[in-house]
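Me: I am new to this structure and would be grateful for a close look at a single part of it. Please describe that part first and then place it in its surroundings.

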Amino acid sequence: MTDRVPNRWRRFDVWDERPLRLDSFAEESPVDGFCAVASPFDPTPSLIIDGDTIVEMDGVRREDFDMIDTFIARHHIDRMVAAEAMTTDSAAFARDMVDVNVPRADLVRLAKGMTPAKLAEVFGHLSTLELTFAQAKLRSRREPGIQAHVTNAKDDPLQLVADAATAGLLGFDEIETTVRVASNGWSNALAGMVGAAVAGGVLFQCSIEEAEELRLGLAGLTSYAETVSVYGSEESFIDGDDTPWSKAFLIAAYASRGIKTRCTSGGGAEILMGSHNAKSVLYLEARCLCVQRAMGSQGTQNGGIDGAPVTSSLPGGGREILAENVMAALLDLECASGNDTRISSSEIRVGGKIMPFLMAGTDFICSGFGSIPAYDNSFAASLFNGEEVEDYLALQRDFQLEGGLRPIEESETNDIRTRAVEALAAVFEELELAEITDAMKRSAIYASGSQETDTFTPGEVTRIANKIRERGLSLVDVVRALNKRGFSAEAETLTRLLRLRVAGDYLQTAAIVRGGRVISAVNDPNGYSGPGTGHRMTEQRWRKIAAMRNSVNRASVLDREIRVAASSAAKSRCRLVSKGPAGVGTAPHEVVIGVSPAWNERIFQTTAGHAHADVLKAIFAGIIEGGGTPRLVRIFYTADTSFLGLSAARLSGSGYGIGLQAKGTAVIHQKDRLPHHNVELFSTAPITSIDHYRRLGRNAARLSHGEMPEPVVVPYDGQAIHARNHVRTALLYAIEVGTIDKAASPIELSVEFLEGSGR
Amino acid sequence: MSAVKYPLSENMPDRIKSATGRRYPDLTVEAVATGDAEIADFQISRETLAAQAEIAAGQGRDTLAANFQRGSELISVPDSEIFEVYELLRPGRAKDADELLSKASYLRRTYRAEKVAELIEEAARIYAERNLFRRRY
């Protein structure tokens with residue numbers, strides 16, 4: 001804690017300590033490029049065409065075009081629709097984007113004739129809610145997808161193969177890896193491909209230097225490429241060591257080898273690269289996207305990416321990032337919508353960031369969900385990381401959204417990780433790349449992250465990678481090794497993936513491979529036009545998403561109670577004997593304790609884990625300590641705390657009684673009060689201690705003496721106590737309610753505390 | 001290829017051949033295991049990529065179709081030359097427009113790579129205008 005400043009509301013101290021305060025919030029400053037949308041320096045949309053030649057675009061004359069303007073003017077602007085597109089009212093077009101009666105195709109057709117400034121102007125009219133809706137409508141493929149980052153801090157191929165296979169099990173459609181040490185690319189790629197094969201054949205890529213990445217692709221060791229980076233200013237583009245023409249050539253080269261590609265751009269990149277020309281983030285990204293369409297890329301990975309944290313620091317930054325992704329969809333590009341960079345230290349901001357994307361669904365909701373621990377992510381921590389996979393699963397389940405992932409069970413996870421490690425070990429041995437011991441295998445199979453593994457030294461990994469590269473090994477060699485060693489399913493899967501290159505089906509927009517089949521915007525187009533249309537989760541899929549690990553139900557709760565009864569002998573710690581119908585007492589300081597129907601009959605401990613006998617013994621002791629006389633009755637007509645308490649009070653000689661539920665909720669009541677107007681209540685049984693029960697008993701007794709004792713306060717530290725307990729509490733209460741006998745009168749019980757009870 | 005139906009791998013596998021002339025259904029794990037198929041046999045053919053261009057154009061994706069068209073022209077270009085051309089197109093690599101123009105005519109002449117040649121020729125003009133022939137390192 002910092003030293004306290006005098007006369008300052010100390011809530012500011014509290015706020016200062018929140019993880020959120022590790023984030024930076026930048027003031028808007030267009031001259032510095034710190035402007036999410038609509039910088040005063042952004043151009044006004046314009047387009048003048050003379051014959052087939054564009055002589056002015058967005059206020060710039062042809063002779064003043066930079067290379068990006070030229071490329072967009074030549075290859076993006078569709079001459080057939082340009083005039084119509086540029087004269088369409090931007091607000092009207094924006095409204096059409098959220099109108100379910102206007103087909104996607106109509107919007108896409110006109111967007112191809114829009115300049116970057118026109119596109120930016122259109123998006124200026126859309127709120128975050130409208131953008132989210134537009135994304136759902138404009139996504140190119142009907143079914144949403146998701147991509148994983150699978151990397152580790154040691155570039156350990158054994159961990160990588162196991163984690164790649166696990167990512168496939170979770171449901172990721174694509175797996176992207178990269179390296180800590182550049183020369184390790186070949187080892188990472190080979191391991192990743194084997195992992196992808198064990199998972200049934202998801203698409204895989206290794207992000208490294210452009211030319212090296214193409215070499216991996218040629219060897220069959222990656223199935224797609226994503227790092228074809230595009231920038232919105234000429235200077236940034238050149239600093240990226242490329243031009244739109246070199247990049248257009250590169251993606252054509254990939255296509256010629258049957259390798260899927262998507263470009264990468266993202267708001268904030270130009271700010272980080274120091275050449276934003278005072279333009280807004282969205283306008284610069286509009287230029288990037290027009291270049292990508294112009295090049296003939298089937299899709300993009302955009303939405304901040306490495307620039308996401310700086311974009312998120314701007315006012316309206318989150319909306320801008322969403323707008324970028326929707327713009328990609330409007331331009332008919334496959335959209336892998338970022339969400340691959342930790343934009344905040346605040347878990348609340350992280351959860352908020354993902355929601356529009358999860359609600360809308362994009363072609364890839366995350367273009368790199370870190371399926372590994374944050375520290376193992378060689379791209380830097382993702383928005384979501386391995387630690388938070390189940391948080392994401394819970395969001396899918398809460399809002400019934402298709403986020404692409406599903407819960408996994410321990411046994412199937414062990415199976416697939418073991419298979420993956422064994423498969424890679426076989427390949428390494430067959431190809432004489434390395435010998436792998438059982439200890440190394442076990443270490444990778446069970447490790448959550450590289451801090452727990454003990455496999456190769458960094459030097460050994462580099463030697464493996466060098467051997468693969470120098471010997472010119474390809475995926476064909478991997479297939480042979482797998483086949484020879486009996487991994488026929490994996491050999492089959494990899495051959496099938498390789499063979500798909502020959503057909504070229506997955507070069508088309510938004511293609512993924514599911515169950516060995518190519519699904520893309522061509523054979524699975526998004527036809528969303530309102531409720532009942534577009535992608536709908538099947539019942540079977542929904543049941544998978546809903547099946548959160550360790551879910552509880554009535555049977556499991558009751559089973560646990562039965563086990564408690566059997567094992568801890570909680571039941572046998574007191575002996576209760578019925579003494580017949582309970583009458584109204586006369587002793588002036590009598591306190592009657594009314595227990596519920598299931599108390600120590602079906603349920604034997606409180607939600608805090610105290611044996612009923614111990615609770616009762618403490619209350620008895622407290623009553624006696626306070627100068628009262630305890631008497632125990634069981635009430636059958638209700639299990640409600642207030643009515644238990646009131647009924648007990650009405651049987652009590654002092655008029656004070658205690659109601660006690662099986663789950664541990666307790667109340668002091670007085671006979672003349674209204675049912676829910678009690679004297680004292682312990683509503684939070686899971687944090688109520690034995691001593692609290694003792695003091696409750698004492699207070700009841702002091703009340704019988706006409707005193708007003710200090711109420712017993714159960715300290716509460718603000719935790720989500722109900723989220724933790726309410727399911728079990730409700731199910732326990734349902735068991736109680738099931739034992740109610742509305743016609744039965746209270747009976748008096750004698751109690752004998754046995755050996756081992758009490759504290 | 002006429003009357004193409006997407007996905008080709010499902011609708012007309014018998015009509016697909018790889019760049020080396022191997023029939024799609026023959027590219028099996030057995031063929032790989034016995035050494036009958038090598039990595040080169042898994043390259044898409046000029047005809048098939050042109051068919052994918054046709055499919056893309058039919059979907060209104062004119063620029064994607066143009067990319068596939070360029071790709072189809074590069075199929076018989078060896079890997080080493082692919083890397084060479086890519087390198088030459090990066091900023092500051094070619095010393096002048098002529099170097100790019102002669103590469104374009106070489107590709108046109110040798111590989112019938114008309115659309116690729118046009119792309120490189122356009123680059124030559126723009127690089128000259130934007131002074132992109134100066135060496136950066």
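Reply:

**Helix 3 of chain B and its surroundings**

The buried residues of helix 3 of chain B pack against helix 12 (244–256) and helix 23 (488–503) of chain A, together with helix 1 (8–11) and helix 4 (62–74) of chain B. This is a predicted model, in which local features need pLDDT of at least 70 and side-chain atom pairs count only at pLDDT 80 or more, while totals for chains, interfaces and linings use all residues. Residues are numbered from 1 along each chain as its sequence is written, and chains are lettered from A and ligands numbered from 1 in the order in which they are written.

Some terms need their cut-offs. Helices (H or I, at least four residues) and strands (E, at least two) are DSSP runs, numbered from the N terminus. A residue is buried if 20 or more other C-beta atoms lie within 10 Å of its own, exposed if 12 or fewer, and partly exposed in between, with C-beta atoms placed from the backbone. Two residues are in contact if their C-beta atoms, placed in that way, lie within 7 Å.

In helix 3 of chain B, the buried residues are B:Thr48, B:Leu49, B:Ala50, B:Ala51, B:Gln52, B:Ala53, B:Ile55 and B:Ala56. The helix comprises 13 residues (residues 46–58), and its end C-alpha atoms are 18 Å apart, which agrees with the 18 Å that it should span at 1.5 Å a residue. That expected span is 1.5 Å times one less than the number of residues. Just after helix 3 of chain B, B:Gly60 takes a positive phi of about 80°.

The contact between the chains takes 53 residues from chain A and 48 residues from chain B. On the side of chain A that touches chain B, helix 2 (67–76), helix 10 (210–218), helix 12, helix 14 (281–295), helix 22 (475–484) and helix 23 each supply at least two residues. Helix 12 of chain A gives the largest share of that side, ten residues. By class, the side of chain A that touches chain B has 26 nonpolar, 16 polar and eleven charged residues. Here Ala, Val, Leu, Ile, Met, Phe, Trp, Tyr, Cys and Pro count as nonpolar, Asp, Glu, Lys and Arg as charged, and the others, Gly among them, as polar.

Chain A itself has 29 helices and 20 strands. Its C-alpha trace spans about 105 × 65 × 55 Å along its principal axes, and buried residues make up 57% of its 759 residues.
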